[in-house]
Amino acid sequence: MPELIGLVLFSMLGITAIGVIVIKDLFAVVMLFGIYSFLSALIFVNLDAVDVAFTEASVGAGISTVLMLGTLALTGRKEKTHTHKSILPLLVVVITGAALVYGTLDMPPFGDPNNPIHQHVAPRYIQDSPQEIGLPNMVTSVLASYRAFDTLGETVVVFAAAIGVLSLLGLPKRDRAAINSGLKQHMVLRVVAKLIIPLTILFALYVQFHGDYGPVGGFQAGVIGAAAIILYTLVFGLPNATKVLQPTLLRGLAALGVLIYCGTGVAGLLLGANFLDYNPLASDPVAGQHIGIILIELGVGLTVFAAMLSIFYAFAGQAERTNIQ
Amino acid sequence: MILETISAICLILGIFFSLTGAIGLFKFPDFFTRVHAASVTDTLAAILIILGLILRTEFDLVAAKLLLILVFLLLTSPTASHALAKSARHGGLLALAETQASTKPATTKKEND
């Protein structure tokens, strides 16, 4: 049965991808990308990778769609028509694809327990993580403790992306005269948004601090929190949102998140262990692991939240500037 | 056993309404009727499917979470449909009847088309 569901989902994924290539209306393409991400999330659920599915649904389908729509507001929704011939790129793509397909022939069978990936470090994680770290959700143990370097890299990538976008677009200026943006006409939307936003923030906090026990963590929490503020911005206007959460504050928060993460690592270093080793953070190694994981999840959540929101602010600020001119 | 039967009926009805919503989305003639069809999927089908799923749980935390999802969907989906329709209206899109009424005097000859 899972194979059948997987097959259906993969064919829908393929159809969506073809739709993305064929359709020229970029607004529809962005919507299709959202559908693509949700389908990928379903495939991950089907493979029992709920953590990845949750991340894909919140980041891929949620925030990316909003950011791409923000880009469309700046660039326009029609795709440029190409006049040059595209035979060479097609050839390159076909050859690369064929090589990749040929490469998969050498791969071990899918889902076989004897595959190298299941024999390398996975047995050690499964056997020792309950004693070493003691979290019910093993994925968090791997993500935040065994593979903390990888997660640090990901957090820094998010931070760097925010810096890149901000240096290109710039944050919206606070002293500018407030414009009547937002959806003043939509009474229903405003009321429902007021109902939903606090609940969304509450859910983000739940996701943030429930990472030890469920398939959740800082990345998703940051994105969900950012989504709540983005909803507020869309409904009540950018000037109001920047009054609540100032762009300079966000810039500080994004850096603070990375600082907390690295600081946790350096604290371990100063207490006589390796970088990002949480054992000496408390008298009991397991308690130390708990403290370390909560701290770095907090760092990840802060950075992702602030980075996503400042990228959105940058797009929204640009779009409003374009609208005025 | 009774619960399972009720749950199955709910799920099948929910699937039926999703399907009619999808068919309506493709078959209906203009934007507003299509939004109407889609919103049927969003509300009625969602209620029925989640109700069917709740009846299959042990009435524990999972049921509570499903109920919360249902409340969330019932808040957001009609709002989304409303916002869509209102924006279309605001943008000057006319309903099918209005379009026909406004084009009739001008193009009486084309009515046979």
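Analyst: What follows goes through confidence, folds and contacts in turn. This is a predicted model: local features need pLDDT of at least 70, side-chain atom pairs count only at pLDDT 80 or more, and totals for chains, interfaces and linings use all residues. Residues are numbered from 1 along each chain as its sequence is written, while chains are lettered from A and ligands numbered from 1 in the order in which they are written.

User: What are the ipTM and pTM scores?

Analyst: ipTM is 0.76 and pTM is 0.84.

User: And what does chain B average in pLDDT?

Analyst: 83, with 90% of the residues at 70 or above. pLDDT is the predictor's confidence in each residue, from 0 to 100.

User: Where in chain B is confidence lowest?

Analyst: In helix H4 (residues 96-103) of chain B, with a mean of 73. H1(B) is highest, at 89. Helices are DSSP runs of H or I, at least four residues, numbered from the N terminus; strands are E runs of at least two.

User: Which residues of chain B stay under 50?

Analyst: Residues 106-113 of chain B. The model gives them 0 contacts beyond four places in sequence. A contact means C-beta atoms, placed from the backbone, within 7 Å. Where pLDDT is low, predicted coordinates should not be read in detail.

User: How do H1(B) and H2(B) pack?

Analyst: Helix H1 (residues 2-27) and helix H2 (residues 31-55) of chain B meet at about 165 degrees, axes 8 Å apart. Axes are lines fitted to C-alpha atoms over the stretch in contact, and angles run from 0 to 180 degrees between N-to-C directions. So H1(B) is roughly antiparallel to H2(B) (over 145 degrees; under 35 is roughly parallel, 65 to 115 roughly perpendicular, the rest oblique).

User: What residue classes make up that contact?

Analyst: 17 nonpolar, 8 polar and 1 charged. Nonpolar is Ala, Val, Leu, Ile, Met, Phe, Trp, Tyr, Cys and Pro; charged is Asp, Glu, Lys and Arg; the others, Gly among them, are polar.

User: Switching topic. How many residues of chain A touch chain B?

Analyst: 7 residues of chain A contact 7 of chain B. Chain A's side has 5 nonpolar, 2 polar and no charged residues.

User: How many helices and strands in chain A?

Analyst: 13 helices and 0 strands. Its C-alpha atoms fill a box of roughly 60 × 50 × 35 Å along the principal axes.

User: Where is Pro280(A)?

Analyst: In the loop between helix H12 (247-270) and helix H13 (285-324) of chain A.

Definitions and conventions
Two residues are in contact if their C-beta atoms, placed from the backbone, lie within 7 Å.
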